[in-house]
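Biologist: Please take one part of this model and go through it closely. Keep it brisk, and give me the cut-offs as you go.

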Amino acid sequence: MKNTLKVQRAIKDLTQDDLAKEMGVSRQTINSIEKGRYVPSTVLALKLSAIFGISVNEFFTLEDDD
């Protein structure tokens, strides 16, 4: 699954640590999501949507092998 988290974070000038604290997760979780190693739960995806003011579909895109 592809995502735009790193781009969205840069637009808001947030570090991984800043975002992690706001979401109540570790910086490593944010890093893993950005690198596509971890697919977030529905709750985390909805939190991202609320924080950045964009839809979950704007964050995440399914790939052929998903």
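**Salt bridges and their surroundings**

Modeller: Asp-17 and Lys-21 join their side chains in a salt bridge, at 3.2 Å from N to O. The term means a side-chain nitrogen of Lys or Arg within 4 Å of a carboxyl oxygen of Asp or Glu. This is a predicted model: local features need pLDDT of at least 70, side-chain atom pairs count only at pLDDT 80 or more, and totals for chains, interfaces and linings use all residues. Residues are numbered from 1 along each chain as its sequence is written, and side-chain values use heavy atoms, with hydrogens and water left out.

Both Asp-17 and Lys-21 sit in helix H2, four residues apart, about one turn of the helix. Helices (H or I, at least four residues) and strands (E, at least two) are DSSP runs, numbered from the N terminus. An α-helix has 3.6 residues a turn, so residues three or four places apart point the same way.

Lys-21 is exposed, at 63% relative accessible area. Asp-17 is partly exposed, at 35%. The classes are buried under 20% relative accessible area, exposed over 50%, and partly exposed in between (1.4 Å probe, protein chains only).

Asp-17 has another partner. Arg-27, in helix H3, touches Gln-16, Asp-17 and Ala-20, leaving aside residues up to four places away in sequence. Contact here means heavy atoms within 4.5 Å. Arg-27 is itself partly exposed, with 35% relative accessibility. Its C-alpha atom is 9.0 Å from that of Thr-15, twelve residues apart along the chain.

How many salt bridges does the structure hold? There are two. Arg-9 pairs with Glu-34, and their closest N and O atoms are 2.4 Å apart. Arg-9 belongs to helix H1 and Glu-34 to helix H3, so this pair ties together parts that are 25 residues apart in sequence. Arg-9 is buried, at 11% relative accessibility. Glu-34 is buried too, at 16% relative accessible area.

Now to H4, which meets both H1 and H2. The buried residues of H4 pack against helix H1 (5-11), helix H2 (16-23), helix H5 (56-59) and strand S2 (60-61). Those buried residues are Leu-44, Ala-45, Leu-48, Ser-49, Ile-51 and Phe-52. They fall within an arc of 170° seen down the H4 axis, so they line one face of the helix. The arc is taken over the directions from the helix axis to the C-beta atoms. Turned away from that buried side are the exposed residues Thr-42, Val-43 and Ala-50. Just after H4, Gly-53 has a positive phi of about 70°.
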